[in-house]
Amino acid sequence: MKPIVILKVALLVLMLAGVIFAMRSMSESSAAKFFGALGIDPSNSYANGVPATRVPGVGESKLSICKTRVRAVVWPDGRRVEESRQEIRAKWMAVDPTPREIGSLDVEKWFSRHCEIVIRESEAATGVKDGFSNFVTFEFIDGTKTDFRRTEAGVIRGDGDRQFYSDDFDAAVTELLALAQLQPIGP
């Protein structure tokens with residue numbers, strides 16, 4: 001046999017032994033530490049390990065606001081947080097009005113926590129007809145977008161004509177503004 005073939009087989013056997021050793025030495029606490037370092041809470045069975053805003057309470061439900069991968073989050077005044085691709089490298093940019101790079105990992109973690117939000121639907125929310133103004137728009141990689149409109153009273157219209165309240169959505173948008181070092185919305 002050629003020496004290179006022997007070396008390849010030996011390396012494969014060593015890697016297999018390493019995987020078997022790692023599997024046998026893995027304990028529940030070491031797995032929790034590993035996933036905790038990645039920002040995943042394995043004890044949160046509701047969200048399948050992905051940290052969510054919070055578990056819905058009585059009269060609340062979850063709404064997915066990310067139909068597919070988000071390309072940009074745009075505010076009515078033109079500020080935006082958008083993904084920019086250069087060849088195979090993707091990075092997140094805050095545009096206000098000049099673009100500057102922001103922490104891609106932090107933005108991806110934000111999406112993992114907030115693409116599902118806790119909402120509260122009520123007759124008071126569904127009965128509101130007027131007073132909506134643009135709040136934030138999510139643009140997706142498939143070219144579609146979802147506009148979220150909001151009233152002064154906090155009623156949000158998005159996902160078609162669905163109307164709801166969501167303190168978590170307001171907090172998530174404020175968190176993204178802070179992450180991108182953009183000024184908060186409002187006075």
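Which residues form a nonpolar patch on the surface, and with how much accessible area together? The patch consists of Met1, Ile4, Val5, Ile6, Leu7, Val9, Leu11, Leu12, Val13, Leu14 and Met15, with about 1,100 Å² of accessible area together. The model is a predicted one, in which local features need pLDDT of at least 70, side-chain atom pairs count only at pLDDT 80 or more, and totals for chains, interfaces and linings use all residues. Residues are numbered from 1 along each chain as its sequence is written, and side-chain values use heavy atoms, with hydrogens and water left out.

**Surface patch**

- Patches are made of residues with over 30% relative accessible area and no salt bridge; like charges are joined within 9 Å, and nonpolar side chains (Val, Leu, Ile, Met, Phe, Trp, Tyr) within 5 Å.
- Accessible areas come from the Shrake-Rupley method with a 1.4 Å probe, and for residues only the protein chains shown count as cover.
- Met1, a member of the patch, lies in the segment before α1 (3–25); helices (H or I, at least four residues) and strands (E, at least two) are DSSP runs, numbered from the N terminus.
- Met1 is exposed, at 83% relative accessibility; exposed means over 50% relative accessible area, buried under 20%, and partly exposed in between (1.4 Å probe, protein chains only).

**Salt bridges**

- Side chains of opposite charge can pair when their charged atoms come close.
- The structure holds 12 salt bridges, a salt bridge being a side-chain nitrogen of Lys or Arg within 4 Å of a carboxyl oxygen of Asp or Glu.
- Lys62 and Glu116 are joined by a salt bridge of 3.8 Å, N to O. This pair links distant parts of the chain, 54 residues apart, with Lys62 in strand β1 (residues 61–64) and Glu116 in strand β6 (residues 116–119).
- Lys62 is buried, at a relative accessible area of 17%, whereas Glu116 is partly exposed at 39%.
- Arg71 and Glu139 form a salt bridge in which the closest N and O atoms are 2.7 Å apart. Because Arg71 lies in strand β2 (residues 70–74) and Glu139 in strand β7 (residues 133–140), the pair ties together parts that are 68 residues apart in sequence.
- Arg71 is partly exposed, with 34% relative accessible area, and Glu139 is buried, with 16%.
- Asp77 and Arg79 also form a salt bridge, with 2.8 Å between the closest N and O atoms. Asp77 is exposed at 53% relative accessible area, while Arg79 is buried at 7%.
- A network of salt bridges links Arg69, Glu83, Arg85 and Glu108.

**Disulfide**

- The structure holds one disulfide, defined as a pair of cysteine sulfur atoms within 2.5 Å.
- Cys66 and Cys115 form this disulfide, with their sulfur atoms 1.9 Å apart. The link is left-handed, with -75° about the S-S bond.

**Nonpolar core**

- The largest nonpolar core has 30 residues, of which Trp75, Phe111, Val136, Phe138 and Phe169 touch the most other members. Such a core is a set of buried Ala, Val, Leu, Ile, Met, Phe, Trp, Tyr and Cys residues joined through side-chain atoms within 4.5 Å.
- Two or more residues of this core come from each of β2, β4 (89–95), α3, β6, β7 and α5 (167–179). The largest share, five residues, comes from α5.
- Beyond its neighbours within four places in sequence, Val136 is in contact (heavy atoms within 4.5 Å) with Val73, Val74, Trp75, Thr146, Asp147, Phe148, Phe169 and Val173.
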